[in-house]
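These are my notes from going through one structure.

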Amino acid sequence: MHQGYSPKVYTGGTVVAMSIGLTLLGLLETGPRHGYDLKRAYDEHFGQDRPLHYGQVYSTLSRLLRDGLVEVDGVEAGEGPERKRYAITASGVTDVRDWLVTPERPEPYLHSTLYTKVVLALMSGRSAAEVLDVQRGAHLETMRTLTRRKLTGDLADQLICDHALFHLEADLRWLELTAARLDQLSAEVRR
Amino acid sequence: MSGPLLEAMDLYKSFGPTPALDGAGMSLWPGEVVAVMGPSGSGKSTLLHCLAGILRPDSGTVSYNGTELSALSDVARSELRRTEFGFVFQFGQLVPELTSLENVALPLRLGGMRRREAEQAATEWLERLEVADVAGKRPGETSGGQGQRVAVARALVTRPKVVFADEPTGALDSLNGERVMRLLVAAAKDTTAAVVLVTHEARVAAYSDREVVVRDGKSTQVELIP
């Protein structure tokens, strides 16, 4: 294994790459497309904050081609380089179907930097309430930005912002609950 | 304007032996939306009631446009609430015997406006709040979301300077709550009304420009740089 190439990084990277590959496959299920059209369709539907690079599209397509999940449906000669049109194969369709019905792993969120900060603040006699207040302010500011974006955006924007807003709201509920339990936590930490 | 529209300083208020406000304060500038946040029982609704002149604090001051509310008679404070303030509560508190149209027209009628003009203005506000279709229905015949939008129309029909909203989405599901907030904030911004929004929901507070946090009767506010 390459030095510094930890299993965690490897796994994370693979998941992301896999997810892009499967998303492109899903888009190809609606009909054959050129790489350029695929990138446009991906960016329009899923690339809100993170559009795909052309390099990513073509490297992913060559991997899908190697694995037999897509095939070249046609080649058009033009003034520039040849344009290949890609189509999904039966194996590709199977992979997309399996992926859609495989649940995403619910994130347990058991390692919280914020919890660590609160405990350390209490241990060192600093104000844990201030740690929570500062975080609440930062969370709310992000929520305001997302809410403004939601109000002017289309339905896709609204759904994506809502997903983020519900997660941030969950954090804030934890902040409130922790704020209400600081005395109790303080007694336990100093025991 | 050189100062805040509404300012509360060092408020103390007890109900029997229980202190509800313990030195709380906040300011409200023209046209801004401020969320008052905090856990249940923290004193946020008591703070709103003192700001709106519904409750008299045991000590401390509340000034509206430079006038101290405690210096006003009960009649003058009622008049102020009717002409300058609008209210939206968790449950619409609409008059059950009146239709939506009559409910929205009511504050204007109380101010002496003729029925026809009042109902015309009410119709416009019902349209703006996307509830024109329930104009002829009584509160018992509308959904919770529709009722709250009628309540928002009633709060804004007099073009108040301040709207006090106490958990306006507390009894609604997410989708209806979002709709009420979107329409409330848009209407307030259009009419340059300031809003004091009491809520314990962060997604609702995210519609505000800034927040005041109340805990154990004390408040901390993010200061606005005018």
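Entry 1: Two residues are in contact if their C-beta atoms, placed from the backbone, lie within 7 Å.

I noted that this is a predicted model, where local features need pLDDT of at least 70 and side-chain atom pairs count only at pLDDT 80 or more, while totals for chains, interfaces and linings use all residues. Residues are numbered from 1 along each chain as its sequence is written, and chains are lettered from A and ligands numbered from 1 in the order in which they are written.

Next I looked up the largest nonpolar core, which has 72 residues; V36(B), A153(B), V163(B) and V196(B) have the most contacts inside it. Such a core is a set of buried Ala, Val, Leu, Ile, Met, Phe, Trp, Tyr and Cys residues joined through C-beta atoms within 7 Å. A residue is buried if 20 or more other C-beta atoms lie within 10 Å of its own, exposed if 12 or fewer, and partly exposed in between. Helix 5 (residues 144–156) of chain B gives the most to this core, with 6 residues. Helices here are DSSP runs of H or I with at least four residues, strands are E runs of at least two, and both are numbered from the N terminus. Another core lies apart from it and has 13 residues, among them L24(A), L38(A), Y42(A) and V70(A).

**Entry 2: chain A.** I read off 8 helices and 3 strands for chain A. Along the sequence their pattern is α-β-α-α-β-β-α-α-α-α-α. Chain A has 191 residues, and 18% of them count as buried.

**Entry 3: two helices.** I checked how helix 6 (residues 128–152) of chain A packs with helix 7 (residues 155–180) of chain A: the angle is about 165° and the axes are 10 Å apart. Axes are lines fitted to C-alpha atoms, for helices over the stretch in contact, and angles run from 0 to 180 degrees between N-to-C directions. Helix 6 of chain A and helix 7 of chain A are therefore roughly antiparallel, the word for angles over 145 degrees. Among the residues making the contact are L132(A) and H139(A) of helix 6 of chain A and L165(A) and L172(A) of helix 7 of chain A.

**Entry 4: between the chains.** I found that the contact takes 10 residues from chain B and 12 residues from chain A. On the side of chain B that touches chain A, helix 7 (residues 202–205) of chain B gives the most, with 3 residues.

Note on methods
Angles under 35 degrees count as roughly parallel, over 145 as roughly antiparallel, 65 to 115 as roughly perpendicular and the rest as oblique.
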